[in-house]
Amino acid sequence: MISARLRTARYTGAKPLNRQMRQQRLMQPAARPCYIRVRPIYASFHTTSGGMTENSEDVWGSYLPYLRAVPDDDLATPYAKWEMQFTPQELTQKLNAAGLSIGNLAAIELSPLKEKLAANQDRSATGRIKTMRFIGDKGSVTLTGAKVRSALGLKSTLFDIRMIVPEEKKISVPIGQYYKKDIAVNLPPYEERGLYTDSENIRRISGREGELIAIDGRGWGHGLGMSQWGAQVMGKTARLSGDFASLLYRYRNQEDILGVNYMLLSEFDYDLPEELIAQDAL
């Protein structure tokens, strides 16, 4: 269902259509729904994928043959990369607000996001988080990626985390046998590695003053179907000349879609200012 709400916002393209032009487009034969096995497809979309879209089963739990993970040319676009920082206390408060009381946060269990993507126990094949474990001094909880995103207010489930500890702003230098002098320094923060006995999946809270948990993410939205910013890049690069089927093939499996010439053009020709695209991303 397409509505005039931000939730179903579409990228307008380089030259937004006026009302008369849009009406003419919609009257053309190509402005018809797309079907798979004589049933309408679920034409999902998101703001930006962060380099790779996602498989349907890794978001919704159900396999849809036309929603397969594909590379996306959107890494140079807005919102492709993002960062958020929390203190351990702030994360504890957010978990409490979501009804997840584990006491004071002591550690987070999450495998590192590797350069070479591969599915493992807590990440999908595209690197998005399937599960993530929060360990407190009064218990622990394992959440799905979607639940983590909702509880912490993140843009996507494609992210990694770092424990950042600020360096001392001064050092004490001995002067003679009985005196010392404090000298101001400006060393950069460093990444806390945890205990030597910890696996690489355990991100431990050190408890040092000023400690931060940095979340480095990519993409905005669930990652299924068409990437709005990726489609923009593709349109500018390829000069589509009205060939909207190319976008359909890019983000939805061509072999599993019938009537490919009947793409619903209103999915791309929605008059909305570009700056509003990502305000209510899925």
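**Entry 1: Trp220 and the aromatic pairs**

I began with Trp220, which counts as buried at 15% relative accessibility. The cut-off for buried is under 20%. I note at the outset that this is a predicted model.

I then searched the whole structure for aromatic pairs and found two. Tyr79 sits in the loop between strand 3 (45-46) and strand 4, and Trp220 in the loop between strand 13 and strand 14 (226-227). The two are 141 residues apart, so I logged this as a link between distant parts of the chain. Tyr79 counts as partly exposed, at 29% relative accessibility.

I turned to Trp82 and Phe159. Their ring centres are 6.5 Å apart and their planes stand at 55°, so I recorded the pair as tilted. Trp82 belongs to strand 4 and Phe159 to strand 8, so the pair ties together parts 77 residues apart in sequence. Trp82 is buried, with a relative accessible area of 8%. Phe159 is buried too, at 1%.

**Entry 2: Nonpolar cores**

Which residues have the most contacts inside the largest nonpolar core? I listed Ile108, Met132, Phe134 and Phe159, in a core of 23 residues. I then looked up which elements supply at least two residues each. Among them are strand 4 (81-86), helix 2 (88-97), strand 5 (105-109) and strand 6 (131-136). Strand 7 (139-144), helix 3 (145-152), strand 8 (159-165) and strand 13 (212-218) also qualify. Strand 8 gives the most, with three residues.

I noted a second, separate core of five residues, which includes Val70, Met226, Ala231 and Tyr251.

Next I took Met132 and set aside its neighbours within four places in sequence. Its remaining contacts include Ile108, Glu109 and Leu110. Val141, Thr142, Leu143 and Val148 are also in contact with Met132, as are Phe159 and Ile161.

I looked at one pairing in detail. Strand 6 and strand 7 pair in the antiparallel sense over six bridges. Thr131 stands opposite Thr144 in strand 7.

I then checked the helices against these strands.

**Entry 3: Salt bridges**

How many salt bridges does the whole structure hold? My search found seven.

I started with Arg133 and Glu109, whose closest N and O atoms are 3.0 Å apart. Arg133 lies in strand 6 and Glu109 in strand 5, so the pair ties together parts 24 residues apart in sequence. Arg133 counts as partly exposed at 30% relative accessibility. Glu109 counts as partly exposed at 28%.

I moved on to Glu200 and Lys114, whose side chains meet in a salt bridge at 3.4 Å, N to O. Glu200 is in the loop between strand 11 (190-191) and strand 12. Lys114 is in the loop between strand 5 and strand 6, and the pair is 86 residues apart. Lys114 is partly exposed, with a relative accessible area of 45%.

For Arg123 and Asp160 I recorded a salt bridge with the closest N and O atoms 3.8 Å apart. Arg123 lies in the loop between strand 5 and strand 6, and Asp160 in strand 8, so the pair ties together parts 37 residues apart in sequence. Are these two residues buried or exposed? Arg123 is buried, with a relative accessible area of 2%. Asp160 counts as buried at 16%.

Key: Residues numbered from 1 in each chain as written. Predicted model: local features only at pLDDT ≥ 70, side-chain atom pairs only at ≥ 80, totals over all residues. Heavy atoms only, no water. Core = buried A, V, L, I, M, F, W, Y, C linked by side-chain atoms within 4.5 Å. Buried < 20%, exposed > 50% of the residue type's maximum accessible area, 1.4 Å probe, protein only. Helix = DSSP H or I, 4+ residues; strand = E, 2+ residues; numbered from the N terminus. Contact = heavy atoms within 4.5 Å. Pairing = 2+ DSSP bridges. Salt bridge = Lys/Arg side-chain N within 4 Å of Asp/Glu carboxyl O. Phe/Tyr/Trp six-rings, centres within 6.5 Å; stacked < 30°, edge-to-face > 60°.
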